[in-house]
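Here's a quick briefing to read with the sequence and structure open beside you. Have a look at the fold, then work through the points below.

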Amino acid sequence: MTHTLTTRSASCWLAVGLLLGASSLGAQQQPSAASTAKARYEADKKLCADEASSEARLQCRRDAQAVYEKALAASKPAPKSSQPAVCNECGKVTGVKVVEKAGDSGPVGMIAGGVAGAVLGRQVGGGTGRDLATIAGAAGGAYAGKKIEEKMNAHKVWTVGVRYNNGTTAEFDYAQDPGFKVGDAVRKSGNVLERN
């Protein structure tokens, strides 16, 4: 009985050793390495079934499965690491627009316009009509003063559209002409673009 147990254990370990040797050849194996490993694993499980004790059968199966998993991992091709890194902050200019933006208006334009409108409204009519004309002149003058101040403070803005290498898009505003044209390669640097 002891002789049979030792012979079976030796054959199990021999099969496990063969699988370990096969798995160490991973990169040099034929395309059918996965099927060879599977066939060897099935044969090892049959050998493990012949073990005398349940502990020995269980350990034999664990060993056979570990060797099978190593052989499968070795048979898969290694991922290519020579791919260039993608610059997610790099891209190409998709458009440049020049837009006239209205400037800010402050209380000065409204007050000056309101006073001028009230003075002109006071010149019209008499009595209650004069009071209504003064109020209407003040309101109209304030609105006109606001618009005049916005127009005086208007400025040009250059908006540059970019499509990044990862497919996202963005727009950048400049107070002066940045000198970009459609198709220029650019890179985001903080809140602005620079040539790439």
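Start with helix α5, which runs over residues 128-152. From its first C-alpha to its last, this 25-residue helix reaches 36 Å, close to the 36 Å expected at 1.5 Å a residue. Keep in mind that this is a predicted model.

**Helix α5**
- Several residues of α5 are buried, among them A133, T134, G137, G141, A142 and G145.
- Two glutamates of α5, E149 and E150, are buried as well.
- As a reminder, an α-helix has 3.6 residues a turn, so residues three or four places apart point the same way.
- With that in mind, pick out G137, G141 and G145 in α5, which are buried.

**Disulfides**
- How many disulfides does the structure hold? There are two.
- One of them is formed by C48 and C60, with the sulfur atoms 1.9 Å apart.
- That pair links distant parts of the chain: C48 sits in helix α2 (residues 33-49) and C60 in helix α3 (residues 54-75), twelve residues apart.
- The C48-C60 disulfide is left-handed because the torsion about its S-S bond is about -70°.
- Both of these cysteines, C48 and C60, are buried.
- C87 is joined to C90 by a disulfide too, at 2.0 Å from S to S.
- Here the torsion about the S-S bond of C87 and C90 is about 70°, so this disulfide is right-handed.
- Are C87 and C90 buried or partly exposed? C87 counts as partly exposed because its relative accessibility is 22%, and the cut-off for buried is under 20%.
- C90 has a relative accessible area of 5%, so it is buried.

**Aromatic pairs**
- The structure holds two aromatic pairs.
- One of these pairs is Y41 with Y68, and it is stacked, at 4.6 Å centre to centre with 10° between the planes.
- Y41 lies in helix α2 and Y68 in helix α3, so the pair ties together parts that are 27 residues apart in sequence.
- Y41 and Y68 are both buried.

**Surface patch**
- Which residues make the nonpolar surface patch of about 280 Å²? I111, V115 and V119 do.

Definitions and conventions
Residues are numbered from 1 along each chain as its sequence is written. This is a predicted model: local features need pLDDT of at least 70, side-chain atom pairs count only at pLDDT 80 or more; totals for chains, interfaces and linings use all residues. Side-chain values use heavy atoms; hydrogens and water are left out. Helices (H or I, at least four residues) and strands (E, at least two) are DSSP runs, numbered from the N terminus. The expected span of a helix is 1.5 Å times one less than its number of residues. Buried means under 20% relative accessible area, exposed over 50%, partly exposed in between (1.4 Å probe, protein chains only). A disulfide is a pair of cysteine sulfur atoms within 2.5 Å. Rings of Phe, Tyr and Trp (its six-membered ring) pair if their centres lie within 6.5 Å; planes under 30 degrees apart count as stacked, over 60 as edge-to-face and the rest as tilted. Patches are made of residues with over 30% relative accessible area and no salt bridge: like charges are joined within 9 Å, nonpolar side chains (Val, Leu, Ile, Met, Phe, Trp, Tyr) within 5 Å. Accessible areas come from the Shrake-Rupley method with a 1.4 Å probe; for residues, only the protein chains shown count as cover. A salt bridge is a side-chain nitrogen of Lys or Arg within 4 Å of a carboxyl oxygen of Asp or Glu.
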